[in-house]
Every structure is written in structure tokens, then in C-alpha cells.
Amino acid sequence: MSAPTENPEKKDVNKNLVYSYTKMRKEFGRQERCLQDHFRIHANVKPLQKYRKLVVKKTVVDRDVQAAPGVCVNEMNTIRAEYAEFSGLHEEGGWPKDINMNDPEMIQRHRKKLEKEDAFTIAVPLMADEMEELIKNNNTINFYRSAFSCDSIIAPDRELVPTATVVNVYKNPANRPRRVSRITFAPENIGRMAVAQCPYEFDPSLRQHAGEAFFWEIENPTRPEGMIRAGSPITDVRYHPKDLHTIVGSLFTGQVATWDARVSPNPQLVSTYETSHTDVCTTALWINSKTGCEFFSSGLDGQVIWWDERNLSQTLDTLWCDPEKGQGRPEFAHGATVLEYEHTLPTKFLAGTDRGNVMVFMKKGKSPSERMIHMYKAHKGPVMACHRNPMFIKNFLTVGEYHIRIFAEDCKESSIMWTVPAETRYADANWLINRPSCFIACRNDGVLEWWDLLIRGGNNIMQMKVCDEALTAVCAADTGKHIAVGSIHGDVRFIQMSDLMSDFDKGEKPMLAAVFDRESRREKYLEQRNREIRLKKRDLEKQEAIQKKLEEDEAAERKALGLPDIEGMDPIQVKGMKIRQEVARNPIIQAEREFFISIDEEIRTKGIDAFPDKKVAKKKKSEDGDEHQEGGAVNITAADLAALDFHEDEQGADEGKPEAPPAAPEATPSQTAAAPLPPQSTTPSESQLAPPEPPEEEEEEEGEESPADEEAQNEVDEADDEEEE
């Protein structure tokens, strides 16, 4: 059985490739040698003869050709090296025994003596020539120069794309990973930061570990510069704004403590359980005071307590975060998760609660109604962070769940700006010191976001994947170019930003003020419109309630009167029924109805004389008075007097008779004419033979008239009517 034959052409190609690759691999990673050998061939791959006929010549070549095998470059992180600093004492030696090193005159004389020797004059020029050659070789080639610069197109001092780089990583020194709850930088750019590690949730294993907070020097990420400890985990730690060594912190048990870093890592003073918070103490902040020793703290029990660091056995003041303004009830108080205090506003501070509200309090208020100014409904979940803008302090941002909101104190109902919902929850956010239009936010998926209100308000300008674990805290340094981010495992990463995100031009301040002003005015207009809509809705609901009540009363009334139901009836009948019911319920219409009924009754009983004309009655009365005066002066005779006496005798004779029944109601003229005359006897009596007597005047009741007067009045009325016609 014959062995397989190999292709000689293929064997030559493989041999050339192996030789070229071996030669390049051998020189890979070596120091660069700057030789003037520009025509040396580093690799030569000969073409195959069988593929020569397949070559197609083209006048224009528009494709890339790689003539050498590809070489990959891998990057990896080596094991972290830990460094330690030690000090040593260096003493000058090599002097003869008879020379005193502490005598400068003796040393100077000895040096002059050595410089005059021949060996010294020969060694110095030789050493100088060698050093000059090394310096020239070092300055010949600039290894850090950009070979393809675009200085003629783009200005070198202008960056178009924001960038950020992780500079240092501060590993958790504790044996057990713990959540970073707070990062604080020392004041006045000293270059130190404090890191508190404690979860707000209860963990039984925390009792087995002492509470510790570490202090780091920014330039030395290998080991912490110092530490403080307490009997329980430390949730928050703050530097004193005027004293670097005085530190205040809040504990998981609800207590507060103070430390002096120069004395001991153990606390100097710790508050008692009776005067402390009954739940986790979340925040402790220094406040402006005459003594410089006052601070206040907040807890999940809903209390805000003022302290004096010189005596923590008693409190200065206490405030409850009750959502009802002016109440201050402990049983209805919301737990305070964060506090925000601005030293330029010494009498006002903000408190974020675990129910998504942000309350604005006045420190110097005496009563609960004076202390609580307003409450903003920010988020549905707990408020994770609350920070004021470093330049426009009336605007502040809040962090909760999947949103970041920006509020203005003038707009009471809602926020003026907010971010789009994120993929995961936000943990913390903070404004940048040197660039007030930009803020940073960290999320639970390990992503750090940069937002700029001037460049892009609807979306972030950059995202950076910092680590695989969740980020829990972020803080901007006073330098303006660095930020620190803490993770859930206790590590802290120090990030340096580019100039595009850290520098703030003078012209950007009025632009940012215009943005806040525009959004505030827009929100105020919306608030006014919503207020008007609510008022109209309230009035409409009142009218509907009144109409519903009237319909219920109407239905009850119809049911009481036994009326049929209006459903299925003719609309005209329903309308008439409603009008009659409305007339029956209206007191004015009822009074008018009674008045016209009484008038009709008077007309029906008294006829046309029920309401005589005043002018006609006055004229008739004057005429009757004149006739009475004329008749009384002429017609009185003896016969009349005799008849009058006779009549009086008849009246006296009739006194013994029984009293007559009451007179019947006065009849109308028609009734008087139709009434039959009384029967008369045919034999005349003495009274009939006597001369006629004048009728006796009888007193009549006020307002009544005799039949004769009625007849006369009727005649006068008829005459007046004829004259008018």
C-alpha cells in the first residue's frame, strides 16, 4: 500500500507562512528599535503558480488586502498588587575619620581639595559626555505623539463625546460583603472620603460583625487610612464642615454617635436608647449654629431630632413627619429615609419619606402648623435620595423607583421635569458641583448614567457599565471632575470624567435659569387649569346631588299622593305634573293664590260694591252732606216732632218684646227688587193715618251701608258710567 503523496507547492506555502509567523512572533513584545533600515523585508509570501491564471487585472482597486496573517492582542487584569509605605533614615557617609560631618567649614575645605585632583577633572567630562548622549537618545522620538492628528479640522481643546474612566477601586476591607449606604468627601478638597456600609433591612448576621466605617485617602486605594467602629452597624457618616477630625454618624439601632479620629476609633459619645429613634436612624447632618456643635437626624420611626454633640443624653427638639399639615401626630407619621439641608438656607430643610412624599419643614417654627410648609407627592415608593441644585437652590431632585424628578418650590402640585422610566430601579443620584446642569444616577444593574438638561433633556448623554453587581450610592467630589460609586458588595470605584461633563461655561448659567423658569411657568399654568377643572367638577357634582335629591323627594311625594309613576307617561303630561308640583311647593305662588281667592270671595259676596271707587265715594259723601244740611234747616215741623215722639213711644213699647234674630246678609239690588213685599192689611191704622215720620237713624257697624245708601250709590255709579260713555 503506497503512502499518500504531498503537494510540493502547498508544502512550500506552509513553510513560508510558518517561517514568517515564527519570525514575527519572536519579535512581538520586544523593545522598539529605531533603525534607519526602511527597505528591509519583514515577510515575503510567494504566490501560487496555479492561481496566476485566475488573476483578473482591474484598473481600479476598491477593496482591502491583508498581506500578512492576523495577530490578535488580548487585554487582561492582573492580580491586584498591594503596596505599603515605609520611612527610612539616610545618613551621609564615606568621609574620612578625621573629617567632622557636622562642621560645614571642614567639609567645604575637603571638597575643594578633591576638586583639585587630576582624577576628578578626568572623570567629570567622561560622565557628562555619556549623560548627554543618553538625553539626546531619549528626546529623539516621541512615543506618545499621535501619528494621525486632525488638528486642522477639530480644535484640540474641544471634546464632542463625553467620556469617563475608572481610576481607582477601593476594595471592601471587611470579611463579609456589605452594602455601601453612604459616601462622603471631606470638605475643602483635602483628598479623603468616608464610606459607611450597612443595609437598611434587618439581617441577623449583622450582630456577629462589629459596625465599621472606613476612611480612604484618594491617592492610596490599597488600604484604608483609618476607621471608626460602634456597637451596631453604621448607616451614615459625615465630616464636620469646619473640623476634619470630628465625625458624626447614625446607627442601625436608632442611636447617634460622635467620633474624634485623632483619639480613638471608638465613639466619644453615644445617645441613649430612651432619647433615640425607635427604628433605624437613616441620616445625620450638621446644621448651622452659633456653637457649631448641633446636628439633626432622621429615622424610619418618623422623627426628626436635634442634638448637641456635647451632650447626647437629651435632645434639643423633636419633629414628627405627619402628612397632615399642623397635626404632628406620632401614630400617623411617615418614616424619614433621607434628609437634605443647605447651609445657605439655615432655617429650611427637606425630608423624604418611605411613602414617596417630600416634606418641607421650617426649623424655627414653634407649632406643627408653622413648621410644615408643604408636602410634595414625588414617588409611589420610598424616596431614595433628595438633593438641591448647587447653583439654583430652589430646585431639587428626588430619586424613587424608576424615575428621577426635579421640583421647584414655587410649583406645589407636581414636578417640573422628570426622566423616562428606566429598565431597573434607581438607587441614588446627585448633582455635579462644577456643572449644575448635569446630574449622575446609579441603578441596580450596575449602570451609571449622566444627564445634562442643556445638551439633551429627554435622555441621558452617556451610560457606563461600572460593575456586574448593583450600585447603591453615588457622590460627586468637590473637585468637580471625580465621582465615587459604591456597590452592594462594599466596593467603591473612583471615576474621572472628561472636561465636557465637568466644565461649566459662563453662558450656560442663564440658559439653565431659563430652562427652570420655562418649566416652572408651564407647570403653574397647568396647575391653574387643573384647579379650574376641579372647581367646575365640584359645582357639577353639587348640582347633580341637588337634582337627585329633588327627584327623590318628588318620587316620594307622588308615592304619598298615590300619583302614577312618570315612567312611560307622555312628556307633556309629565311637564304639566312637574309644573303643578312646583307651583304647590312655591310659597310665593301660594300666597298670591290665597290673595286672589280672597278677592274673588269679596266680589262674590258684595258684588260690584265690594271695592268702590274712592273718588266717586268721596263725591257722593259731599253731596249727601249738603242735602242733609238743607233739609234739616227747612223741613222740621211740629207734626214731624209729634211723629218722632210717636215713634219713640213705639220703640219704648217694643222694649219688652223678645230680641229679634240677627239680620240676614244684605242683598244685592237685584235681590232687593225681586224680594216679595210683606202682606198689608186693608184697614188703615192710626199709624197709617198719621203723617209720615222720618226714618230713625240707627248706628251701623263700621264699614256697612244701608240699602238706601246702596241704591243711591248705584245710581251715582250708573250716572258716572253714562257720562264716561
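Me: Hi! Which side chain does the side chain of Arg443 make a polar contact with?
Reply: That of Asp445, at 2.8 Å. A polar contact here is a pair of N or O atoms within 3.5 Å; within protein, one must be able to donate a hydrogen and the other to accept it, and residues adjacent in sequence count only if both atoms are side-chain atoms. Keep in mind that this is a predicted model, where local features need pLDDT of at least 70, side-chain atom pairs count only at pLDDT 80 or more, and totals for chains, interfaces and linings use all residues. Residues are numbered from 1 along each chain as its sequence is written, and side-chain values use heavy atoms, with hydrogens and water left out.

Me: Is Arg443 buried or exposed?
Reply: Buried, with a relative accessible area of 4%. Buried means under 20%, exposed over 50%, and partly exposed in between (1.4 Å probe, protein chains only).

Me: And what does Arg443 touch?
Reply: Leaving out residues up to four places away in sequence, its contacts include Glu423, Tyr426, Glu449, Gln463 and Leu471. Contact means heavy atoms within 4.5 Å.

Me: What about the relative accessible area of Cys467?
Reply: Cys467 has 6%, so that residue is buried. Cys293 also counts as buried, at 13% relative accessibility.
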